Amino acid sequence: MLKLSHICKRYGDRDILSDISLSIRKGEIVSILGPSGCGKTTLLNLILGLTQPTSGKIMFDGEDLTNVPMQKRGFNIVFQDFALFPNLNAWENIVYGLRNNPNASTREELEELIDLLGLRKHLTQSISELSGGQKQRVAIARTLVLKPRILLLDEPLSALDGLIKESIKERIRTIARQFKLTTLIVTHDPEEALTLSDRVLIINNGQIAQFADPLSIIREPAGDFIRNFIISQLMVKRSNILKLFSDCPPKSQAFGDSACEPFAAVS
Ligand SMILES: Nc1ncnc2c1ncn2[C@@H]1O[C@H](COP(=O)(O)OP(=O)(O)O)[C@@H](O)[C@H]1O
Ligand SMILES: [Mg+2]
């Protein structure tokens, strides 16, 4: 279990995060949701160990990690811009971290991960030849081969659209469930947060506005910020979609076989 107690982070004279306390269970998928600049990446960096809190405590499975350096925490992050090595191909990127930790994953585990992320046919391609979704999957594979105790993802879906986005969401869910991997995902998109995660941590003005499961947030939004920032956005989307389909109900033939398996054709 990951436990944050009274975490504060100040830059200069600005309090970026104030009194953040929460617990996250093993294997749970948690989205960190809030508007741009609210401190989401800062919170992820604090957990990773890239940034030190001004005050407060970070515990993992009963161990105090607050002053433990990043390399010894055993957490790992997929950065917002993927941070892949452009001079290496997909395979070389995936196995890069194994140079220093050759026993982190067995060959079988590596092969399984490559299949799970649908990367087998892209292994010899250079990074510049890959699409956004493929790059994202390479970045996730590169992180997972090192068997992190917690997986942190900073806006993993914000550069992706449509079915590619849904396909990556599905893969993140599968991996978290299959490996019982605690997964924290930063996003500024309410739909993404509420459809991907077990619980959503909503941050506003450096504080927790609500930390609950998606249904509870929809049914019992805790305050005006959540009603205005989250629920209103979702209601607009909902009415747009309903309006489109009420005027023209979809015929499954029009979508071909992919209507039954929406992610099958996505690469
Ligand atoms: N190293 C830093 N030094 C000073 N201010 C910072 C630093 N990192 C982030 N900030 C500030 O902290 C606030 C939150 O940033 P960030 O966590 O990146 O927001 P988010 O990821 O939610 O968009 C922003 O106002 C940002 O300018
Ligand atoms: Mg950010």
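In this predicted model, Gln178 is found in helix H6, which spans residues 162-178. Is Gln178 buried or exposed? Gln178 has 11 other C-beta atoms within 10 Å, and because a residue counts as exposed with 12 or fewer, Gln178 is exposed. Along the chain, Gln178 and Glu109 are 69 residues apart, and their C-alpha atoms are separated by 12 Å.

Stepping back to the whole protein chain, nine helices and 10 strands are present. The radius of gyration is 20 Å, close to the 18 Å given by the globule rule for 267 residues, so the chain is as compact as a globular protein of that length. Its C-alpha atoms fill a box of roughly 60 × 50 × 30 Å along the principal axes. Of contacts between residues at least 6 apart in sequence, 67% join residues at least 24 apart.

Turning to the interior, buried residues account for 33% of the 267 residues. In soluble globular proteins, nonpolar side chains tend to be buried together. Here, the largest nonpolar core contains 57 residues, and those with the most contacts inside it include Ile32, Leu44, Val138 and Leu201. Helix H5 (residues 132-144) gives the most to this core, contributing five residues. Beyond its neighbours within four places in sequence, Leu201 is in contact with several residues, among them Leu22, Val30, Ile32 and Phe211.

Finally, there is the ligand to consider. Which residues surround ligand 1? The shell consists of Tyr11, Ile16, Gly34, Ser36, Gly37, Cys38, Gly39, Lys40, Thr41 and Thr42. By class, three of these are nonpolar, six are polar and one is charged. Helix H1 (residues 40-48) supplies the largest share of the shell, with three residues.

Definitions and conventions:
Residues numbered from 1 in each chain as written. Chains lettered and ligands numbered in written order. Predicted model: local features only at pLDDT ≥ 70, side-chain atom pairs only at ≥ 80, totals over all residues. Near = placed C-beta within 6 Å. Helix = DSSP H or I, 4+ residues; strand = E, 2+ residues; numbered from the N terminus. Nonpolar A, V, L, I, M, F, W, Y, C, P; charged D, E, K, R; others polar. Core = buried A, V, L, I, M, F, W, Y, C linked by C-beta atoms within 7 Å. Buried ≥ 20, exposed ≤ 12 C-beta atoms within 10 Å, placed from the backbone. Contact = placed C-beta atoms within 7 Å. Rg over C-alpha atoms; globule rule 2.2 N^0.38 Å.
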